[in-house]
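Dear colleague,

I am passing on the structure below for you to look at. My notes on what turned up in it follow directly after.

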Amino acid sequence: QEQLVESGGGLVQAGGSLRLSCVVSRDIFSANAMAWYRQAPGKSRELVAAYTYGGVTGESIFIADSVKGRFTISRDPAKNTIFLQMTSLQSEDTAVYYCSFRWGSRTGWGQGTQVTVSS
């Protein structure tokens, strides 16, 4: 069973930045998809950013409209780590952030890291 461990969350003022990390216990390029989700209180889990791999399209990058231009997904294969760089944070970005990897039909999740943006 793969392990996913997020870090980097915290309390930040509006307009500030944070970088989240997710370390995976296996080669990240063995995955079909690597993603960041978030879940705010009382809301459903939302896909924020993702790399997906498949077929003739090869690699695709998804960034949600709500964070486009402010958030960036990246990875460091040598460290089996993906990142979510978050800038110009807003109170609406307050949520628990989760990384998720998909290997075929199996999906793994991290435990989540809290991001709180104060206005």
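In what follows, a residue is called buried under 20% relative accessible area, exposed over 50% and partly exposed in between, with a 1.4 Å probe and protein chains only. This is a predicted model, in which local features need pLDDT of at least 70 and side-chain atom pairs count only at pLDDT 80 or more, while totals for chains, interfaces and linings use all residues. Residues are numbered from 1 along each chain as its sequence is written, and side-chain values use heavy atoms, with hydrogens and water left out.

Strands here are DSSP runs of E with at least two residues, numbered from the N terminus, and two of them pair if DSSP finds at least two bridges between them. Strand S4 (residues 33–39) has 5 of its 7 residues buried, so it is largely enclosed by the rest of the structure. S4 runs antiparallel to strand S5 (residues 46–54), to which 6 bridges join it, and also antiparallel to strand S9 (residues 95–103), with 7 bridges. Trp-36 has a bridge partner on either strand, namely Ala-49 in S5 and Cys-99 in S9. S4 and S5 form a hairpin with 6 residues between them, and Gly-42 in the turn has a positive phi of about 75°.

Cys-99 also takes part in the 1 disulfide of the structure, a disulfide being a pair of cysteine sulfur atoms within 2.5 Å. Its partner is Cys-22, with an S to S distance of 2.0 Å. Cys-22 lies in strand S3 (residues 18–24) and Cys-99 in S9, so the pair ties together parts that are 77 residues apart in sequence. The torsion about the S-S bond is about 55°, so the disulfide is right-handed. Cys-22 is buried at 0% relative accessibility, and Cys-99 is buried at 0% as well.

Rings of Phe, Tyr and Trp (its six-membered ring) pair if their centres lie within 6.5 Å, and planes under 30 degrees apart count as stacked, over 60 as edge-to-face and the rest as tilted. This rule gives 4 aromatic pairs. Tyr-98 and Trp-109 are edge-to-face, at 6.5 Å centre to centre and 85° between the planes. Tyr-98 is buried at 14% relative accessible area, whereas Trp-109 is partly exposed at 37%. Phe-101 and Trp-103 have ring centres 5.7 Å apart and planes at 20°, so that pair is stacked; both residues are buried. Finally, ring pairs link Tyr-37, Tyr-98 and Trp-109 into a cluster.

Best regards

Technical notes:
Helix = DSSP H or I, 4+ residues; strand = E, 2+ residues; numbered from the N terminus.
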